[in-house]
Each structure stands twice: as structure tokens, then as C-alpha cells.
Amino acid sequence: MPNLSTIADEKLVERICQGDKELFGELIDRYEAKLTRYVKKFTQNVDDVSDIVQTIFIKGYTNLQSFDTSRSFNSWIYRIAHNESVNHLKKRGGEKVSFIDFDTFFPHPFAKETADKETLSGEEKQILEKSLKNISPKYREVLILYFYEELTYQDIADVLRIPIATVGVRIRRGKEALKEALTTNHYQS
Amino acid sequence: MTNIKNKILNIVESNKVTMIPKWKFVLYSVLGVFGLLFSFLTLVFFASLAVFLLSTAGLMYMPLFGLKATAQFLMSLPMLFGAIAIILLFVTEALARKHEFAFKKPIAITLLLITTISIIVSFFLSRTPFHFMLRNYMREHHTGMMKTMYDRPLPFADIEGMTVLKGTILETGSDTLQVQLFDETIIMVRATGTFPLPEFLEIGKSVILFGIMNATNTFEAVQVRPLGQGKGRAGEGRGMMREINQLPR
């Protein structure tokens, strides 16, 4: 049997659908830490994270036959994680999760991904993490997917089902909101 | 093995949860496509029907097709149109939720696209003889809801007795016209508001007449305009309203 770590996610899914159920464990190994980090940061919740992640994997498994193996499994599983996290935020209340986003209707053509992907240092990530809770979930999520999960614009567009140009707009607005939140925190402290 | 992995593998291997078979997803997709197609065709039918009804009633040619007439236009849309639009919204949303695991275009964009295409296609459809043929068929064969929909009158807001007619000029006099309407009826028209008669009023020309049918079966036309021309000069509509108000009742 070849080393499982060399097999692509999509190939693993094919084999699971053919009956190798135990291979689902390999997918859990690959995504558990990533999804836990994503859910924790997006929902700003610690207590229910493992329940949410468990639900994501169960839903992923039951709907695995609907996955098109020519697409990216990474985006697919993050899409389920996004839905579960949004459901959790809605149930918990307190934060507004809008149904219709007008950015989707009027995407800005200039908001394209640059050739050099922006990366943050460990210290910058720590500062970002502290301020994430102060910004709207709409911008918070896109910043998490871009800076922490290191997804491309295309992957983020697939996860959130928004046009690729809207991803750029949200990242830019998210950074502005973050800057504002950081300035406010600075003056308050 | 992590706690979550352990739990999930136990659930999976004990068959407490199973994969939904592929044919079910295919079936949902096919039903979804048919549902959307059906809703799209229904929207196109009702939108083009609304344009057809307004057009045959002459309201589309009114120089006053402003706010009031737009409200009239909206009111004249069959109630089913609104209901179907709302049903379409819920059906699409339900389908999107059901297939939340698949990659799909944003629902809002899909709806916007369907609505836009429906309106464009409706206008083109209303220009074809489709509704004329369907109305004739309904008149001959059915007396149900469809016939009522085609034959219901569309009164013009606030103007009692106001009628808009379309026909072809048969004869011209000093201030009168003999016009054959599109349903073959021949009427006498007195052009009250358009004296002296404009030069375009020649025998054989198709015209739209705005006015009121008086007790002696003469049509008191406050305006006569050639069919197929633009909306007319600015302010013409207001002038026409004054003339209508001066007509003998």
C-alpha cells in the first residue's frame, strides 16, 4: 500500500466512495487542525469548536458522493465549515450575518489578487487575532481564510460563493476595519 | 488517534451514518433544473402577457405613461406573477440549501439573472403573434381562467370613460375621420383636440385614438397619433389631460 500522505485529497475521496471507509480517517488527520483553527477564529468561540468540527466531518462524509473530484476538496470542506460556522453564529445571536450582500452585485473590477501573496509574521498574526473579534464576521472570515488558512482568491471565492473580485474588496475593507479597530483599542488602552 | 477522529470513525464504521447515494444528488439536480426552467417559462409567459394586455388595451401608447401609468402597469400584472416570483425565490433558496455542499453560483446573482433574462425574453415574446394566437384559441375553445385573463378590461386610472383604440383610416373629412378598428368595426371619429387635422392623417394610415365614445356613437378623439411612432413631444400628455377634462360628459 503506498504512503497515504502522498495521495491527493481528491484521490482519497474517490477511494472512500468506492468503499475504503477507513481512509476517511486520513482526511480527518489532514483537516482537523485547520478546521478547528478556522472555526475557532471565525466563531470566536472555544467551547463548541469540537462539536462543530465533528458535525463538519459527519456532513462531509454523508455528502461525499456529491463532491466533484475534478474540483478542490480543500474548498469543498471549507465550504461546509463556513456553513456550520454561520449556522452557529446565527443560533448564538449577537452578531449580524446578512443574507444578501450587495458587494456580490457590484464587485469592484480593480480588486484583483496580486502576484506576491501578502503574508503576516507571527507577531502580526497575534495582533490580528486580538482584533478579529471587533470586526464584522463578513470581513473577519475572509481575513482568516486569506491570512491564516492561506487560501487563494479563487479558493475563497469558491468557499464563500462570491465573485473573485468581491474577495479582493472584502479583504481590503477587512483590513481597513481592522486598522480602525486597532486604533480604537490603542486609544482605549 | 485524536478524539474527534476516533468518534467519527466509530460512527462511520458502525454505519450509524451512511453516504447519500450519488443518484439522489443527480435527481435533486435534475428536479432543480426543471423547477427553475418551469419557473422561468412561467415568468416569461406572465410578463409578456402583461405587456400584451397593456398593448392591446392601448395603454402602452398613452403619452402619460409616467408614474401613474407605471403604477397602473404594475397593478395590471396578474397576481399570479407576483406569487410565482415569490415561490421562485423560496424554491431556489430551498434548493441552494439542500445542495449546500456543491459549488454553485451565488443565489442572488442567479435570481437577478433569471429575472433580467425573463423580462428581456418577455418583451420579445410580446412582439410575436404568440399571445394573439393563444387568445383566439382560448376564445374558441375555453371559457375558463385563461380566457378571462385575456379579455378582462384594463381601465385607465382616474379617467372615466377614457378609451384607447387602434385602427386604419378609411375616410377623412374637415374635422372627422372614418376609422376601421382592428376588430373590423367601423366608427366615426371627431378629432376634438387635434383640429385642424394633422397632415399624417391620410387614408390607409394606422392610428391610435385617445378619447371618449359619446352617446351618438361618435368617438370624441382628444388625440390622434400615427401607430408605431415615439412617445410624442414633451408636455403633450399634460395638454391632452386638459382636453380630456373639457370633453362633454
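## Basis of the description

The model is predicted: local features need pLDDT of at least 70, side-chain atom pairs count only at pLDDT 80 or more, and totals for chains, interfaces and linings use all residues. Residues are numbered from 1 along each chain as its sequence is written, and chains are lettered from A and ligands numbered from 1 in the order in which they are written.

## Overall make-up of the chains

Chain A contains nine helices and zero strands. Helices (H or I, at least four residues) and strands (E, at least two) are DSSP runs, numbered from the N terminus. Of the 189 residues in chain A, 32% are buried. A residue is termed buried if 20 or more other C-beta atoms lie within 10 Å of its own, exposed if 12 or fewer, and partly exposed in between, with C-beta atoms placed from the backbone. Two residues are in contact if their C-beta atoms, placed from the backbone, lie within 7 Å. Among contacts in chain A between residues at least 6 apart in sequence, those joining residues at least 24 apart make up 69%.

Chain B has eight helices and five strands, in the order α-α-α-α-α-α-α-β-β-β-β-β-α along the sequence. Buried residues account for 20% of its 249 residues. For contacts in chain B with a separation of 6 or more, 61% involve residues 24 or more positions apart.

## Nonpolar cores

In soluble globular proteins, nonpolar side chains tend to be buried together. A nonpolar core is here a set of buried Ala, Val, Leu, Ile, Met, Phe, Trp, Tyr and Cys residues joined through C-beta atoms within 7 Å. The largest such core comprises 40 residues, and Ala81(A), Tyr146(A) and Ile156(A) have the most contacts inside it. At least two residues each are supplied by α1 (9-17), α2, α3, α4 (73-92), α7, α8 and α9 (164-188) of chain A, and by α1 (3-13) of chain B. The greatest contribution, eight residues, is from α2(A). Domain 1 (1-95) and domain 2 (98-189) of chain A both give residues to this core, so the core lies between them; the domain bounds come from an automatic or database domain assignment.

Not counting residues up to four places away in sequence, Ile156(A) touches Val142(A), Leu145(A), Tyr146(A), Leu151(A) and Val167(A).

## Packing of helix α3 of chain A

Helices α3(A) and α4(A) pack at an angle of about 135 degrees, and their axes are 9 Å apart. The angle makes α3(A) oblique to α4(A). Axes are lines fitted to C-alpha atoms, for helices over the stretch in contact, and angles run from 0 to 180 degrees between N-to-C directions. Angles under 35 degrees count as roughly parallel, over 145 as roughly antiparallel, 65 to 115 as roughly perpendicular and the rest as oblique. Residues making the contact include Ile52(A) and Ile56(A) of α3(A), together with Ile77(A), Ala81(A) and His88(A) of α4(A).

Ser50(A), Val53(A), Gln54(A), Phe57(A), Ile58(A) and Tyr61(A) in α3(A) meet Ile4(B), Lys7(B), Ile8(B), Ile11(B) and Val12(B) in α1(B).

Among the buried residues are Tyr153(A), Asp155(A), Ile156(A) and Asp158(A). Just after α8(A), Arg161(A) takes a positive phi of about 55 degrees.

Gln44(A), in the loop between α2 (24-43) and α3 (49-62), is not a glycine but has a positive phi of about 55 degrees. Gln44(A) counts as partly exposed, with 16 C-beta neighbours inside 10 Å. Glu150(A), also not a glycine, has a positive phi of about 55 degrees and lies in the loop between α7 (137-148) and α8 (153-160). With 11 C-beta neighbours inside 10 Å, Glu150(A) counts as exposed.

## A buried serine in chain B

Ser118(B) belongs to helix α5 (residues 107-126) of chain B. Ser118(B) is buried, with 23 other C-beta atoms within 10 Å. Leaving aside neighbours within four places in sequence, Ser118(B) is in contact with Phe40(B), Leu43(B), Val44(B) and Ala47(B). Ser118(B) and Thr42(B) are 76 residues apart in sequence, with a C-alpha to C-alpha distance of 9.1 Å.
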